[in-house]
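Thanks for passing this one along. Here are my notes, written to be read with the structure open beside them.

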Amino acid sequence: MKTFIHHEFPKLVQKNENGSRVYLTPTGEKYPSVTSVTGFGTKKEIMEWRDRVGHEEANRISTRAANRGTRIHKLCEDHLLGEDVKVDMFDQEIWKQVRPVLDHIDNIHCLETRLYSHVLKVAGTVDLIAEYKGKLAIVDWKTSRRLKTIDDIEGYLMQCSAYAQCFQELANIEINDLVVVIGTDDQEKPSIFTEDKSKWLKKFKHKRYKYYAVNKL
């Protein structure tokens with residue numbers, strides 16, 4: 001059984017405005033989601049990809065990826081909570097990869113928890129904050145059709161660094177380790193990227209500056 005460390009964080013209200021997710025803080029601020037910021041500037045690349053593969057195929061791939069990612073997140077959450085896990089036949093390969101990683105998780109501080117930062121002026125829902133192999137880390141679960149390199153996951157690492165800043169502000173606990181776990185089709189083991197927060201938080205702040213220069217909330 002996993003150990004949980006409970007925090008009484010202020011509640012956030014989530015809304016969708018003009019196709020983007022925003023959060024309302026208890027003190028009245030309206031902040032964009034972390035993923036809105038990390039995804040800023042990628043629209044051109046996405047449209048080029050959609051034109052290349054065809055819009056119908058792009059919609060099919062995107063929907064499949066989003067649904068599978070949601071299911072794997074739920075499986076990880078249920079397992080950590082000690083609940084029964086029922087694996088869809090289409091998810092068995094990825095779950096077999098990711099499942100052993102959960103054995104290295106304990107002392108859980110956040111599980112699908114909404115956080116925000118007044119310093120970064122963003123908010124979002126973190127997958128997991130817990131000890132991974134004995135060190136407190138931001139842990140993010142991902143799935144992929146192909147193997148990814150660290151250059152492919154800069155957005156994921158920036159996202160994790162922002163959650164580390166949010167948690168530090170709210171819990172007064174610093175986290176330096178970022179862990180991104182990616183279950184990939186046709187692989188025996190997941191890809192696990194472990195990075196230090198500092199480099200990626202600097203990149204996130206730069207991205208956030210550009211986002212706020214264009215988007216006025």
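Predicted model: local features only at pLDDT ≥ 70, side-chain atom pairs only at ≥ 80, totals over all residues.

1. Let's start with the five-stranded sheet. It is open, its 5 strands come in the order β4-β5-β6-β7-β8, and the pairing is mixed. At the edges sit β4 (105-117) and β8, each pairing on one side only. From one strand to the next, the twist averages 30 degrees.

2. Zoom in on one pair of that sheet. β4 and β5 run antiparallel and are joined by 9 bridges. If you want a spot to look at, T113 stands opposite V126 in β5.

3. Two helices pack on this sheet. α5 touches β4, β5, β6 (135-144), β7 and β8, and its direction makes about 90 degrees with that of β4. α6 touches β5, β7 and β8, with its direction at about 85 degrees to that of β8.

4. Which of its residues are buried? They are K197, W200, L201, F204, K207, R208 and Y211. Seen down the axis of α6, these fall within an arc of 125 degrees, so they line one face of the helix. On the face turned away from that buried side you'll find the exposed residues K202 and Y209.

5. What covers the buried residues of α6? The cover includes strands β5 (122-132), β7 (177-184) and β8 (191-196), along with helix α5 (154-171). Also among the covering elements are β3 (30-32) and α1 (34-38).

6. Now for the other sheet. It is open too, with 3 strands in the order β1-β2-β3 and antiparallel pairing. β1 (13-17) and β3 stand at the edges with a single partner strand each, so one side of each has no neighbour in the sheet. Neighbouring strands here are turned by 35 degrees against each other on average, direction ignored. Between β2 (residues 20-24) and β3 there are 3 bridges, and V22 has P32 in β3 as its bridge partner.

7. Last, have a look at G82, in the loop between α3 (55-80) and α4 (92-98). Is G82 buried or exposed? Its relative accessibility is 66%, and the cut-off for exposed is over 50%, so G82 counts as exposed.

Methods: Residues numbered from 1 in each chain as written. Heavy atoms only, no water. Buried < 20%, exposed > 50% of the residue type's maximum accessible area, 1.4 Å probe, protein only. Helix = DSSP H or I, 4+ residues; strand = E, 2+ residues; numbered from the N terminus. Arc of directions from axis to C-beta. Contact = heavy atoms within 4.5 Å. Pairing = 2+ DSSP bridges. Axes fitted to C-alpha atoms, helices over the stretch in contact; angles between N-to-C directions.
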